Amino acid sequence: MSSFQKKAIFLSILIASLVTLWRKDENEFIKPKNEYSWIHYKKDEKGKLVHSIVDFEEVEKLNGSSPLSNPRNERSPAENKKSDKPEQKVVFLNPANPQSKPELSDLNFLNTYNPAWKELLAKELMLFQPESVEVYFKPQKSVVKILENNRAMFLEEVAITYKTNRGPYSFKALINSETGKVVETWGKTHYDNFSPRMPASENKGLTPNGTL
Amino acid sequence: MQKKQDALQKIKIIGLGGLISSTLFFTSCVPEVGQTKLRKKASDSATSNTAGSVDATYGRVLLDNPIVLSGNSTLSQTVDLSRYLSSPQVIVDDFFLRAEGPCAGLETCFEVKATANSNSALQSESKKWAYVTTSEEFTQVNTYFHLNKIMNQFYQTIYGGYANAWDFTTSNYVTSYPQNLVDTNGNINFFWQNPYQVYAECEIAGNAYFDASKDELCFGKDAKYAQVKFAHDPTIIYHEAGHLFIHLAINLRNSAASTLTTQSLGAVSYDEAGAIGEGLSDFFSYYVNGRSHIGEWALGRFLKQSRPLSEDDALHPAGIGTDDASSRITYPNYLTYDPNLPEVPYEDIHYAGMIISHYLVAQSQDFENYCGLTKAKASNAVMNLVIETLAELGDASGKGTDLAVTGGGDNVLGRVNGSASHAKTWITHNNPITYRSFVQTFAKFVKNTLGNSSLNLCNGSQYSQDRLEQLLDRYGLLIFRTYNDYRNEADPLSGSKYSVSVNPANRSLSTLIKKNLIKFDPTDGAAKAYVIDNRDQIGKAIAALRTRGLALDMSDQATNFEYNNGNGKISRGEVVGLVPNLYNDSNVTMGGIQVLANDFDHVARVLDTNTGTFKTRPCIFSDNDNWPTEAEGGTYDPSCSTATLNPNKSANLEVAPICLVQYNGTSSTQWITQKEFMEKLAMDSSSCLKSSEPEACFIRAIPGADQATFSKIDPKKTWSNSLIDPQTGKAPSFKYNNVLFFEISKQIPPGTIFDCRFRIRFTNCDDCYHDPDTLRKNYDYRDNEYNGHRPFRILHFQFPIVD
C-alpha cells in the first residue's frame, strides 16, 4: 500500500469517526425530554370529554385492572399554562437537507404555535370514538418541518395510545401545532391474531348497501 | 483512527465468531430442516425445576414447543410441561431478567415482565432462574431465553453482514448497509431508543403483538385454554421478535440518517408488504431453530393455524412438494392458501406470507447444497440478504445506499422511494413493497454477493444468476425483467449504471400480465362498485381505522356521520365507502391488486388563449383512459406525457385529487377541477371540506383510507368470486383494506356529476412496472412516473350526487 493510499484511508476514517461522533451528539440533542406526563381523555356518560394527567406507569398498565377508573393527580393540566412558543427546544425536520438548521426568522411559517394544541388534539382523537374507547397521548418534542420554498410548519411529535376492548393500539404522530390535527403517523401496533379461523361468511366485515 | 480501526476489526471478528458459534449451535441442538416427524424427548420423566436444582445464573426452559419436544401432536392442554424441560441453561448473570446491550448503546436491550402491571422485570436474589412450569416466572424465563438467543443471533448476522459489505471505508459491493451503522464502541445505530418491555403473560386472549411506538412485545394466551401460553412456544417468540427485527432492518438507513419517523412493512390490514412481513417473521423461526414449521403448540394444536415453511412439510396436501419443479407454492396462486383448510380460500397476511417463507427456506437450502454452506451459514446468509433488501426498500432518505449520488430534494429524484422529501408517499402508496419489489431487490443482493466470485461467499464457487432465477421461477416470483440495479439512477444508454436483465428462458411458471386486462366486472348488470353509506357501519369503520393511526386527517363537516342516510348512493355530507368490483380478464391469476385514490399528476396548467390566463385542465392520456375529449375540457399538453415528482397538490399544480366535476357552461359541458368548480360557484375555500384544500373542496379521499388492496383475482373472475367458500357458496364480507373512504361535501349542488379516476395495478403486471418506452428497454419506471398515470390502468367511477 502506498503512502498516499495510507494517508487517504487515514483521512477517510478520521472523517467517518468525526461524523459518527457528531451524529451521536445530534442524537442526544433530539432525544425526547420527558417533561410531560401522559394525558388521558375519555368520554363521560353524556359524551363529554374529561381528562386527567397520568403517570407513564399507568399507561403501561393498559392491559391491567383498569387503573383509570379513578385517575390520580386530578390537577389543572399543564396545557393550561399558555405560551405562544413551543414549550421545549424545537427539532428541525428537513428530509431534503437533514443537516440544515435555519433561523426560525428566515422561514415562512404556514401555521402558528397554538398553546391549546393539546386540547384540540384530544378532541380530534376522540372524535367518532364510542364511550368504551379512551385515549392517552404524550408530547415528545416540538418540531419545525421545513417544506419546499423555505416554507415551514410548527409540529408536535406525540405518542398516542388508544385503549379499546380489542386491546391497546399505539402509534406516534406529528401534530399541527396550531390546529391539533394529525399530519402523519408511524410505528403502529402490529397484532398477530391467534384465534380460530372463522368461515368467510361469518366474518364481521363491511357489507355494502348499494352499488354504482 | 486506531480506535475506529480496532472497532471495525472487532466487528469482523465478532461477525465471524458469531457464525462459528451459531454453526456449532445448529449442528448440536436442532432437528433437520424439512424434518416432518416429531422428535420425541429421550426421557419423558418430570423434572423438578426449583431454585435448589440449578446453579446461579441457570434455569431450565423449553428448547422447542411442547408438541415437538413430546413427539405427540395431540398433546393435552393440561400436560405437565416439566416433562419436557431442558437441562440447565445459562439465563442471565443479573438479579433481574433483563438483557444487556449492545443495542444502540442502551445498557438494557429488553426486560421481561409477567404483565404490564408488573412493577419490574422478574427478580431473583439468588440469580437462580428455575421455576415450576405452571408459574408466571417460568413463562418469563422461557421468553427471556429465546428472545436473548434470537437477539444475539440477529446481532451476529448484522455484524457479519456489515463486515462483508464494508472494508473500512470502501464498500465491497453496492450495499444498503450504511457506513456509519456501527459506532466506535461496536454499537449498532438502530431505532432502538428504549429498552423493550416484554410481557410474557400478557393479559390479552388469543393475541400477541409488537408495538414499535411503545417498544413492547406482548405474548398472550389461548382464548379457550388459558394454561396454553404463547410464550411456551419458542417459534412464536421468534416470530414476534421477527417483527421487531424487521422494524429495525427496514429502518436501518433511516436510523443512520437520524430521521424522525420510521417506516413499516405494511400499511393496511391486508397488503403484500404486510404479507411479506409475516412470511419473514416465520422465516426467523427457521433462522433460529432450523425447523420448517412454526407454531405447532400455540397455533396448531388448538387453533389449527400452524404454518409450514417448506413444501416437504406433512401439513401440505398431496401434490405439493419440492421434488417436482412445478409443485411449489407459487405466486400468486397460493396467496389465499391455508394448508389447514386448503379447500377454502382465505385472505390473510399470515397465509399470503407463506410464499416468501417457503422461498427463503428453499433459497437457504440451495445455498447449503450448491455452495456447501452449513445450515447455519446458509440461513444466516439469507437473513443478511433480507436485511439488505429491507434497508434499501425502507430508506426514506431517498438514497438506498451510501453510494447513491443523491437522495433527491423536493423536485429532484433520489435513487429510491421518490425522494427524501416525499418518500413516505412512495413507501405507503405510490410504490410500496410488494412481492415483486422484494424479490427483485433480494435477488439483486444475491447476485451481487454470493453471485460475486471475488467476495468468495459461496465457498470458492459462484452462485449463478440462472440458478437464482430458476428457483425464483419455481415460486412464480420471476416477475421482473431486470434487477433494477441502480434504481432511479439506472440508464439503459449508460455504459456503467445499467440494469442486468433476467434471462427470459428461465421464466416458466412466472407470469406477467398486461394492465389492460384488469377491468370492472363486464357481466351484464354487474356493479362497477359497491357502496357502503349506512351510519353504523361507516361510524364503526372510521373509529376503528383512527385507533390504528389511519383516517385521522378528516374535515370538520361531520361529527357523528349525521349526514349518512344509508340509501346506498352517494349523498351530500356523507362519508362513504366504495369497493371497486374488479375483474381479471386474463387467463392467469392476478396478485397484489392495489387501487389508489390518492392525488396524482393528471392535470396540466394550460394558457387559455381567449382570456390570456392559465387554467388547470385534465390531461387526456391517449395511452390509457383517453378521457375526456378536448371539447370536454381535456388537454394533450406536453406536460401530461410524464409525471412530476412532488405529490403535494398545494405545491405542484399538476397534481390534483382524483375526482373531477362536470360543469355545464353556456356553450359546452366540460370536466373541470374541484377548485375551478368552487370558483364557478363563487364559493370561498372556507366552505370547502377543508379550507386549506380547495383542490379537494367537494370530494376528498380520506388520507390513510385512500387505497384498497386485494390479495388475488382468479382468471375470468372477480375478487368476490375468487374467494367464495365452496362449502357454503358464500363470498367473504369486505375488510377495511378492501374499501376506499371518501368525504362528500354538503355544499355540492344536488345532481352534480363527478368522475373519479382510480389508478389500478397488480404485482404480476408487466407494464405496471416495466417502462414500455423503447429507449427504456423494459427498465423499471423511474419513481416520478408512479406519481402519474403510466404504470397504472385508470378506471373511472362516474356518479351523481343525490340529496
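Visitor: Which residue does the side chain of Arg776(B) meet in a salt bridge?

Guide: You're looking at a predicted model, in which local features need pLDDT of at least 70, side-chain atom pairs count only at pLDDT 80 or more, and totals for chains, interfaces and linings use all residues. Residues are numbered from 1 along each chain as its sequence is written, chains are lettered from A and ligands numbered from 1 in the order in which they are written, and side-chain values use heavy atoms, leaving out hydrogens and water. A salt bridge here needs a side-chain nitrogen of Lys or Arg within 4 Å of a carboxyl oxygen of Asp or Glu. For Arg776(B) the N to O distance is 3.7 Å, and the partner is Asp771(B).

Visitor: Are Arg776(B) and Asp771(B) buried or exposed?

Guide: The test is relative accessible area with a 1.4 Å probe, protein chains only: under 20% is buried, over 50% is exposed, and in between is partly exposed. By that rule, Arg776(B) and Asp771(B) are both buried.

Visitor: How many salt bridges does the rule count over all chains?

Guide: Some of them join up: Asp553(B), Asp599(B), Lys649(B), Lys690(B), Glu693(B), Arg700(B) and Glu743(B) are linked in a network. Over all chains, the count comes to 44.

Visitor: How many residues apart in sequence are the parts that Lys172(A) and Glu157(A) tie together?

Guide: These two form a salt bridge, their closest N and O atoms 4.0 Å apart, and both are buried. Helices (H or I, at least four residues) and strands (E, at least two) are DSSP runs, numbered from the N terminus. Lys172(A) sits in strand E7 (residues 167–176) of chain A and Glu157(A) in strand E6 (residues 151–164) of chain A, so the parts tied together have a sequence separation of 15 residues.

Visitor: And Arg481(B), is that buried or partly exposed?

Guide: Arg481(B) meets Asp766(B) in a salt bridge (2.7 Å, N to O). That pair links distant parts of the chain, 285 residues apart, with Asp766(B) in the loop between E26 and E27 of chain B. Asp766(B) counts as buried, because its relative accessibility is 7%. Arg481(B) has a relative accessibility of 25%, so it counts as partly exposed.

Visitor: How much area do chain B and chain A bury between them?

Guide: Buried area is the accessible area (1.4 Å probe) that two parts lose on being put together, summed over both. The contact takes 99 residues from chain B and 71 residues from chain A. Lys214(B), Leu260(B) and Thr547(B) supply 10% of what chain B buries there, more than any other three residues. Of the total, 55% is on carbon and sulfur atoms, and the area comes to about 7,400 Å².

Visitor: How many salt bridges cross that interface?

Guide: One of them joins the side chains of Glu124(A) and Arg546(B), 3.1 Å from N to O. Across the interface of chain B and chain A, the number found is four.

Visitor: Which residue of E8(B) is the bridge partner of Tyr191(A)?

Guide: Two strands pair if DSSP finds at least two bridges between them. Strand E9 (residues 190–193) of chain A and strand E8 (residues 207–211) of chain B are antiparallel partners over four bridges. In E8(B), Tyr191(A) has as its partner Tyr209(B).

Visitor: Which strands stand at the edges of the open sheet of five strands?

Guide: The sheet has antiparallel pairing and the order E10(A)-E13(B)-E14(B)-E25(B)-E23(B). An edge strand has a single partner strand, so one side of it is left without a neighbour in the sheet; that goes for strand E10 (210–211) of chain A and strand E23 (699–701) of chain B.

Visitor: Last one: what share of chain A counts as buried?

Guide: Chain A has three helices and 10 strands. Of its 212 residues, the buried share is 48%.

Note on methods
Contact means heavy atoms within 4.5 Å.
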